[in-house]
Amino acid sequence: MPRHMRDNELPVTVSVTRADGTVEQVQIGTAVRRGDGFSVRLAELTIGGEGGARAAPARRAPSAGPGEPPTVFPPYGRSRGMPIQGASAQDLEFYATGARRTLADPGKARFHDKERALLAAIEAEQARQGSGGGSDEEPPPPEEEQF
């Protein structure tokens with residue numbers, strides 16, 4: 001339960017972006033005015049892994065089941081794990097180009113089924129948005145493996 005802050009105290013927060021794109025401010029401590037500056041008192045922090053009783057459970061983006069089209073981008077690039085639906089045209093084209101590159105590489109045949117499903121989901125979103133895709137933008141950097 002948060003304690004009451006005094007007049008000379010300010011909350012210290014960080015912005016946390018959730019998998020659905022929403023941003024939440026999470027208080028991690030309190031700044032106390034000390035002369036011309038501040039002293040920061042941090043609350044109990046847990047970074048990754050298992051935390052104490054106050055730590056929020058880790059959230060993973062919902063993955064598609066077998067035979068279902070993916071609903072989020074793969075775990076690379078700036079929009080990794082973000083929803084495909086509502087994504088910018090630039091992000092859609094970035095991931096579509098990556099999927100096409102993987103599909104053109106016979107050495108990555110084990111990823112082809114996933115990449116075909118990803119590309120179909122992206123193309124459906126592009127059609128829904130009316131963008132159509134196919135731009136000549138710079139493709140993503142080559143990946144060792146895409147999951």
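User: How many aromatic pairs does a search of the whole structure find?
Analyst: In this predicted model, a search of the whole structure finds four aromatic pairs. One of them joins Phe73 and Tyr95, whose rings are stacked at 4.2 Å centre to centre with 15° between the planes.

User: Where do Phe73 and Tyr95 lie?
Analyst: Phe73 lies in the loop between E3 and H1 while Tyr95 belongs to helix H1, so the pair ties together parts that are 22 residues apart in sequence.

User: And are both buried or exposed?
Analyst: Both Phe73 and Tyr95 are buried. Tyr95 counts as buried because its relative accessibility is 0%, and the cut-off for that class is under 20%.

User: What sort of aromatic pair do Tyr76 and Tyr95 form?
Analyst: Tyr76 and Tyr95 form a tilted pair, with 5.3 Å centre to centre and 50° between the planes. Tyr76 is in the loop between E3 and H1 and Tyr95 is in helix H1, so this pair ties together parts that are 19 residues apart in sequence. Tyr76 is itself buried, with a relative accessible area of 6%.

User: Which residues form the aromatic cluster?
Analyst: Phe73, Tyr76, Phe94 and Tyr95 form one aromatic cluster. The C-alpha atoms of Phe94 and Gly77 are separated by 8.6 Å, although the two residues are 17 residues apart along the chain.

User: Switching to H2, how many residues does it have, and what does it reach from first C-alpha to last?
Analyst: Helix H2 spans residues 112-129, which is 18 residues, and it reaches 25 Å from its first C-alpha to its last, close to the 26 Å expected at 1.5 Å a residue. Just after H2, Gly130 takes a positive phi of about 80°.

User: What do the buried residues of H2 pack against?
Analyst: They pack against H1. The buried residues of H2 are His112, Glu115, Leu118, Leu119, Ala121, Ile122, Glu125 and Gln126.

User: Last topic, the surface: which residues form a nonpolar patch there?
Analyst: Val40, Leu42 and Leu45 form a nonpolar patch on the surface, and together they have about 280 Å² of accessible area. Of these residues, Leu42 lies in strand E3, residues 37-42.

User: Why does Leu42 count as exposed?
Analyst: Leu42 counts as exposed because its relative accessible area is 53%, and the exposed class begins at values over 50%.

Conventions
Residues are numbered from 1 along each chain as its sequence is written. This is a predicted model: local features need pLDDT of at least 70, side-chain atom pairs count only at pLDDT 80 or more; totals for chains, interfaces and linings use all residues. Side-chain values use heavy atoms; hydrogens and water are left out. Patches are made of residues with over 30% relative accessible area and no salt bridge: like charges are joined within 9 Å, nonpolar side chains (Val, Leu, Ile, Met, Phe, Trp, Tyr) within 5 Å. Accessible areas come from the Shrake-Rupley method with a 1.4 Å probe; for residues, only the protein chains shown count as cover. A salt bridge is a side-chain nitrogen of Lys or Arg within 4 Å of a carboxyl oxygen of Asp or Glu. Helices (H or I, at least four residues) and strands (E, at least two) are DSSP runs, numbered from the N terminus. Buried means under 20% relative accessible area, exposed over 50%, partly exposed in between (1.4 Å probe, protein chains only). Rings of Phe, Tyr and Trp (its six-membered ring) pair if their centres lie within 6.5 Å; planes under 30 degrees apart count as stacked, over 60 as edge-to-face and the rest as tilted. The expected span of a helix is 1.5 Å times one less than its number of residues. Contact means heavy atoms within 4.5 Å.
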